[in-house]
Amino acid sequence: FREQPIYSTRAHVFQIDPNTKKNWVPTSKHAVTVSYFYDSTRNVYRIISLDGSKAIINSTITPNMTFTKTSQKFGQWADSRANTVYGLGFSSEHHLSKFAEKFQEFKEAARLAKEKSQEKMELTSTPSQESAGGDIQSPLTPESINGTDDERATPEVTQNSEPRAEPTQNALPFTHSSTISKHWEAELATLKGNNAKLTAALLESTANVKQWKQQLAAYQEEAERLHKRVTELECVSSQANAVHTHKTELNQTIQELESTLKKKEEEIERLKQEIDSSKELQAQRDSLTQKLQ
C-alpha cells in the first residue's frame, strides 16, 4: 500500500481549547493507538489516531514542527495547518521518549524530502540546452524574443561592418518562435504526464482508503472482543475475590466453633468430676445414715 504505519504506540489524546488557548480538552475517553504513517508516493510523514471511526489526529509532519516534553509522561506539538496544538499523555516516560525520538527522526526525513523536492523543481525549471542545430530552448521572455542588451547591440556593429549580416538578423525571430513552440510542446507533454500520474495516484488513494476502512473495521471488532474479554476477566477476578473473602470468614467461624467446642468439652469434663464427687458424698452420707440408725 502507498501509506503504511511505521511506528505505533498508545496514549491519551488532547487538543488545546480553541477559545482559551490554555486548557487541554480530551478527545478520547481512553488510551488509543497513535501511529506514524509514511506516504511513499508523496514522500510525506503523518501522525494519525482514530477513536472508533473518528480521526482525532491527522497531522502532517513538517520541518518547522517541534515536539516538546512538558512533563515525564506528557508531550505536545503545534500544527499550523490544523490550527491547533495536540497533546499526548503516555503510560510511562519510556513511551514518551520513544515517541519523541521518532518525531525528530521523521521530521529530519521530511526536511530532506523537502530539500530534494525543491532541487528537483529547480532542475525541472532550468532551461535545457540542445547542442544540435545550435537552438536554445528557453521560456517565453522579453529577452528571448528581443534579445538582451548585448544581443541587441551586436547586430548594429555587424551591420556597419558587414551589410550581409542583415538576413541573419531578420531570421532570428523565426528561430526563437520555433524554439518557444518546442518548449511549450514539451511543457504540455509534461503536464499531460503529471495529470496521468495524479489520476493514477488518486485511484490508488481511493483503493487505499477502502482498504484502510476494512482494516479499521477489523481493528474495531478486535478491540470490542478484547474489551469484552477484559470485562469477563474482571468479573471472574471479582468473583474469586468474593470466594476468597467468604472462605476466610468460614475459616474464622470454624476456628471460633472449635474453640467453643473445646471449652464445652472442658466444662463437661469438669461436670463429670463433680458428679463423681457427688456420688462419693452420697455414698458417705448413706453410710453415715446407716451408722446413725
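I began with arginine 111, which is partly exposed at a relative accessible area of 29%. For the term I used 20% and 50% relative accessible area as limits: buried is under 20%, exposed over 50%, partly exposed in between, with a 1.4 Å probe and protein chains only. Arginine 111 sits in helix H1 (residues 93–125). I then looked up its separation from proline 63: 48 residues in sequence, but 5.0 Å in space, C-alpha to C-alpha.

Ground rules. This is a predicted model, in which local features need pLDDT of at least 70 and side-chain atom pairs count only at pLDDT 80 or more, while totals for chains, interfaces and linings use all residues. Residues are numbered from 1 along each chain as its sequence is written, and side-chain values use heavy atoms, with hydrogens and water left out.

Confidence. I looked up pLDDT, the predictor's confidence in each residue from 0 to 100. The protein chain has a mean of 78, and 79% of its residues reach 70 or more. Over residues 128–177 the pLDDT is below 50, yet this stretch has 32 contacts in the model beyond near neighbours in sequence. A contact here is heavy atoms within 4.5 Å. Where pLDDT is low, predicted coordinates should not be read in detail.

Chain. I noted four helices and eight strands, taken as DSSP runs numbered from the N terminus (helices H or I, at least four residues; strands E, at least two). Along the sequence the pattern is β-β-β-β-β-β-β-β-α-α-α-α. Of the 293 residues, 20% count as buried. Of the contacts between residues at least 6 apart in sequence, 51% join residues at least 24 apart.

Backbone. Which phi does lysine 21 have? Its phi is near 60°, a positive value in a residue other than glycine. Lysine 21 is in the loop between strand E1 (3–16) and strand E2 (24–26), and it is partly exposed at 48%. Asparagine 83 also goes into this entry, with a positive phi of about 55°. Asparagine 83 is found in the loop between strand E7 (74–79) and strand E8 (84–89), and counts as exposed at 60% relative accessibility. Most residues other than glycine have a negative phi.

I looked up the largest pocket, which holds about 890 Å³ of space. A pocket is an open set of points on a 1 Å grid over the protein atoms alone, where a 1.4 Å probe fits, with protein on both sides within 12 Å along at least five of seven lines; lining residues have an atom within 4 Å of a point. The volume is the space filled by probe spheres set on the points, which are joined across faces, edges and corners. I found 32 lining residues, with Thr33, Leu50, Gly52, Leu216 and Tyr219 nearest the centre. Two or more residues each come from E1, strand E3 (32–39), strand E4 (44–51) and helix H4 (166–292). H4 gives the most, 13 residues.
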